[in-house]
Amino acid sequence: EIPLRLVGSEMCIRDSFNYIAGEWTAADEYTVNRNPSDLDDVIGEYARASEAQAAQAIDAADTAFAVWSRTTGQQRHDLLKRIGDQILARKEELGRLLAREEGKTLPEAIGEAGRAGQIFLFFAGEALRLAGEKLPQTRPGVDVDVTREALGPIGIIAPWNFPLAIPAWKIAPALAYGNTVVFKPADLVPGSAYALAEIIAQAGVPAGVFNLVMGRGSRIGQALIDSAKLRGISFTGSVDTGRKVAAGCVAGAHMKKFQLEMGGKNPLVVLDDADLATAVECAVNGAFFSTGQRCTASSRLIVTDGIHDAFVAAVKARLAQLKVDHALKAGTDIGPVVDERQLAQDLDYIAIGRCEGAELVAGGEVLKRDTRGHFLSPALFTGVTADMRIAREEIFGPVATVTRVRDYDEALALSNATPFGLSAGICSTSLKHVTHFKRNAEAGMVMVNLATAGVDYHAPFGGRKDSSYGAREQGRYAAEFYTTVKTAYTYAG
């Protein structure tokens, strides 16, 4: 049983444990997890694993791989289905925990929990659909078979901004294809990871097949990267850290496969012929919902001359209607920034934008609410040029820039003038322009008359350039990372 204590009106986890080799394991060090909407609300005290415990988890995954990788697709399907069903049954509870911990509004948080459940159910089906090929002969009597096999024990390093969905879309395919897992969540969101691990354990995952080690990336993440027993690392986080992951995976005598999802500075192009109401909703949703803390956020709004002034005025009016408040309050549109460090970074970039000569036409102010929290009004800059830092660097907060351009050609060129390439959007009623944009936008995902943020769990997710490296995540494309291809030749005589 998990010991609980009442703090205010919420239940607080008094102690938590890492999950290693099928056992809940205590730690020598714990971290206090606070609600960014209410800093007096302590969600729990969560275990931080040691390097020795990370090594134990890796050993457990390595030992369990031999058996788990030889299980049938039906066995893996049944486990993943139990996990997915339980997540969906508890999505209200999980969503509330997520909203308290990360600051996402309650409806968004419940939606994310539901998505995590759907991901597990999708990959339950994929466990039964992994296919191979039989190639035609080129030599008489020689058959050629191509199959996919599990890669091996996998290290998963997840971010804080989607603490249920992103772990789900990494863990579920890893297990579905016969891999074992060592999961290190972001240090800011241990509660969601712990709850997910509980569900996986209660679903009957065999000992060592799934392991949870919470703690700092510099310690636990590095231990995963350095391990010779892990055969792959799936990472989502910053570009700088992603590069360190890549370097670590190819260093030394034991190279391992790696998959990186990193930053974004995503453009939303708004052309003169766009439906204004649609463009405004795309921009506001994409740039500011989830407090702008999405790698797919449309932080660069590129707007042509003819619609620019009307668009800016309409976005300002829409922002004035939004309610920034406690994530659990009914009617809240935007919750708090996740922690004080991220709030300080957002405020630094707002100051930088002003110093660079951009005009702050809305928001950018720290707000006081009934509870102590990290509340920031969504900031909109106009008069932004492509050389400004606020137009080039990922801020990861509720801050968006508007750049005026002459026409579609200039908009496309500016859209692609970035080292990032995750998501790109266009608002237009011109079939000619949207068709051209879909083909020529230098991004892994393109949205037409939709927000740049928001993807489906059965479709591939990933970008280009500095945004991503390696195989795509989600959907059937996940098999590219979590499996390895084997070609077998048989002389039949």
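**Notebook: a look around the model**

I began at H374, which touches P36, L39, P336, V337, V338, D339, E340 and L343, leaving aside residues up to four places away in sequence; contact here means heavy atoms within 4.5 Å. I found H374 in the loop between β17 (366-367) and β18 (375-376). Helices (H or I, at least four residues) and strands (E, at least two) are DSSP runs, numbered from the N terminus. H374 counts as buried at 10% relative accessibility. Buried means under 20% relative accessible area, exposed over 50%, and partly exposed in between (1.4 Å probe, protein chains only).

A note on what I am reading: this is a predicted model, where local features need pLDDT of at least 70, side-chain atom pairs count only at pLDDT 80 or more, and totals for chains, interfaces and linings use all residues. Residues are numbered from 1 along each chain as its sequence is written, and side-chain values use heavy atoms, with hydrogens and water left out.

**Cores**

Next I looked up the largest nonpolar core, which has 74 residues. Such a core is a set of buried Ala, Val, Leu, Ile, Met, Phe, Trp, Tyr and Cys residues joined through side-chain atoms within 4.5 Å. I83, F120, F123, I171, F183, F210 and L212 have the most contacts inside this core. Which helix gives the most to this core? I found helix α4 (residues 106-126), with 10 residues.

I then followed F123, which touches L80, A172, P173, A176, Y177, Q474, G475 and A478, again not counting residues up to four places away in sequence. A second, separate core has 29 residues, including V280, C282, V284 and A287. For background, I noted that nonpolar side chains tend to be buried together in soluble globular proteins.

**Helix α13**

I turned to α13 (residues 408-416), where Y408, A411, L412, L414, S415 and N416 are buried. What do the buried residues of α13 pack against? I listed β14 (267-270), β15 (300-304), β20 (399-405), β22 (423-427), α14 (431-440) and β24 (464-465). At the N-terminal end of α13, D407 is the cap: one of its side-chain oxygens lies 3.3 Å from the backbone nitrogen of D409.

**A three-stranded sheet**

I traced an open sheet of 3 strands in the order β7-β8-β26, with antiparallel pairing; two strands pair if DSSP finds at least two bridges between them. β7 (133-135) and β26 (483-491) stand at the edges with a single partner strand each, so one side of each has no neighbour in the sheet. The twist averages 25° from one strand to the next. I counted 3 bridges between β7 and the antiparallel strand β8 (residues 142-150), and E133 has V146 in β8 as its bridge partner.

**Two helices crossing**

I checked helix α1 (residues 51-68) against helix α7 (residues 217-226): their axes come within 9 Å and cross at roughly 35°. Axes are lines fitted to C-alpha atoms, for helices over the stretch in contact, and angles run from 0 to 180 degrees between N-to-C directions. The contact is made by E51, A54 and I58 of α1 with R219, I220, A223 and L224 of α7.

**Positive phi**

T291 has a positive phi of about 60°, sits in the loop between α9 (276-288) and β15, and is buried, with a relative accessible area of 2%. K465 has a positive phi of about 55°, belongs to strand β24, and counts as partly exposed at 35% relative accessibility.

Methods: A polar contact is a pair of N or O atoms within 3.5 Å; within protein, one must be able to donate a hydrogen and the other to accept it, and residues adjacent in sequence count only if both atoms are side-chain atoms.
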